[in-house]
Amino acid sequence: LGLIVLLHNVQVGHLISAEVMGPEDKDMAIDQVPQVTAHLVKGILAFNSTNSYTIPHARLPDLSPEGAAFTVMMALFLVRAPESGFRGVFWKGTNNSHRTPSMWITSPEPKLTFRVSTMLAEEAWGTSASALPVGEWVHVAMVSRGDGLLLLYINGNLDSAMALAAPPLANDGPLWLGRDKSQPGMEGLMASFYFSNGFTSMYDVQEAADVALETLPRFGRIGNPVHAPAEWSVARRVLEFADGVNRPEKEEGRVEGPGGASVS
């Protein structure tokens with residue numbers, strides 16, 4: 001419990017500072033243009049590679065079935081970079097043909113691969129030009145403009161752009177944060193996860209990044225800012241404390257162990 005207090009009430013794979021906002025009316029005809037709405041998880045989630053935080057489709061904004069515009073934003077704090085394979089950041093879907101939207105951390109260099117499904121391909125993706133640092137907060141935004149262009153921002157700056165050959169294809173699966181059905185999750189912290197069915201401008205992304213990076217807590221040895229991973233940092237101790245945790249729950253925020261169908 002002391003560790004959780006030190007982390008400003010961070011819990012393992014669980015919503016803290018609980019305030020979730022999202023659309024209430026899901027009775028929209030499929031051929032209508034969705035009203036722009038957003039789902040915001042205000043707080044910090046801690047992931048130890050085996051746990052996940054899931055949000056049901058019914059609680060998320062409606063995406064246009066084809067050519068979806070959307071924005072996904074959050075701040076990430078890596079405690080360890082993956083040594084092999086991919087580590088989940090977020091993934092929405094129910095089976096291997098679903099990718100809209102999704103993001104993983106690559107190895108051995110921790111870059112971000114951001115992906116969608118389209119009308120022509122089960123998977124279309126780009127990879128960040130920049131690698132994520134370990135031991136400091138980074139603000140990340142994935143934006144679909146709705147015109148076939150996907151944008152990736154890191155700390156408010158445009159890092160990568162990808163032109164799609166066909167519009168993004170939405171799905172009705174849940175949204176997984178951290179571990180997904182087959183890939184282990186990131187090891188670290190995620191703050192203020194935001195998912196909208198609207199396009200966010202470069203200026204608004206920059207403002208969101210500035211606010212997040214100015215207000216998020218710093219982790220490290222007492223009295224020292226974090227510039228490199230600290231062996232006994234508060235964040236690292238929380239993840240060590242979280243190892244082996246498996247507390248399944250029925251609704252949003254449930255923590256699950258590994259298993260399930262392939263989503264590689």
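Asn-155 counts as partly exposed, at a relative accessibility of 31%. In this predicted model, Asn-155 sits in the loop that connects strand E11 (149-154) with strand E12 (157-163). The backbone of Asn-155 has a phi near 55 degrees, a positive value in a residue other than glycine. Ser-192 also has a positive phi, of about 50 degrees, although Ser-192 is not a glycine. The location of Ser-192 is within a strand, namely E14 (residues 187-196). With a relative accessible area of 39%, Ser-192 is partly exposed, because that value lies between the limits of 20% for buried and 50% for exposed residues.

The chain as a whole may now be considered. Its secondary structure consists of three helices and 14 strands. Of the 264 residues in the chain, 51% are buried. The chain exposes about 11800 Å², and 53% of this area is supplied by carbon and sulfur atoms. Among contacts between residues at least 6 apart in sequence, 72% join residues at least 24 apart.

Several of the strands form an open sheet of six, in the order E4-E13-E6-E7-E8-E9, with antiparallel pairing. Its edge strands are E4 and E9 (124-131), each of which pairs on one side only. From one strand to the next, the twist averages 15 degrees. Within this arrangement, E6 and E7 run antiparallel and are joined by four bridges.

Thr-100 and Pro-101 are joined by a cis peptide bond with omega of about -15 degrees. Pro-101 belongs to the loop between strand E6 (87-92) and strand E7 (102-105). A cis peptide bond also joins Ser-107 and Pro-108, where omega is about -5 degrees. Pro-108 is found in the loop between E7 and strand E8 (111-116).

Which residues does Met-103 contact, leaving aside its neighbours within four places in sequence? They are Gly-88, Val-89, Phe-90, Leu-112, Thr-113, Phe-114, Val-140, Met-142 and Leu-152.

Is Ser-49 buried or exposed? Its relative accessible area is 14%, so Ser-49 is buried, the cut-off being under 20%. Beyond its neighbours within four places in sequence, Ser-49 is in contact with Arg-87, Arg-179, Pro-184, Gly-185, Met-186 and Glu-187.

Conventions:
Residues are numbered from 1 along each chain as its sequence is written. This is a predicted model: local features need pLDDT of at least 70, side-chain atom pairs count only at pLDDT 80 or more; totals for chains, interfaces and linings use all residues. Side-chain values use heavy atoms; hydrogens and water are left out. Contact means heavy atoms within 4.5 Å. Helices (H or I, at least four residues) and strands (E, at least two) are DSSP runs, numbered from the N terminus. Buried means under 20% relative accessible area, exposed over 50%, partly exposed in between (1.4 Å probe, protein chains only). Accessible areas come from the Shrake-Rupley method with a 1.4 Å probe; for residues, only the protein chains shown count as cover. Two strands pair if DSSP finds at least two bridges between them. Axes are lines fitted to C-alpha atoms, for helices over the stretch in contact, and angles run from 0 to 180 degrees between N-to-C directions.
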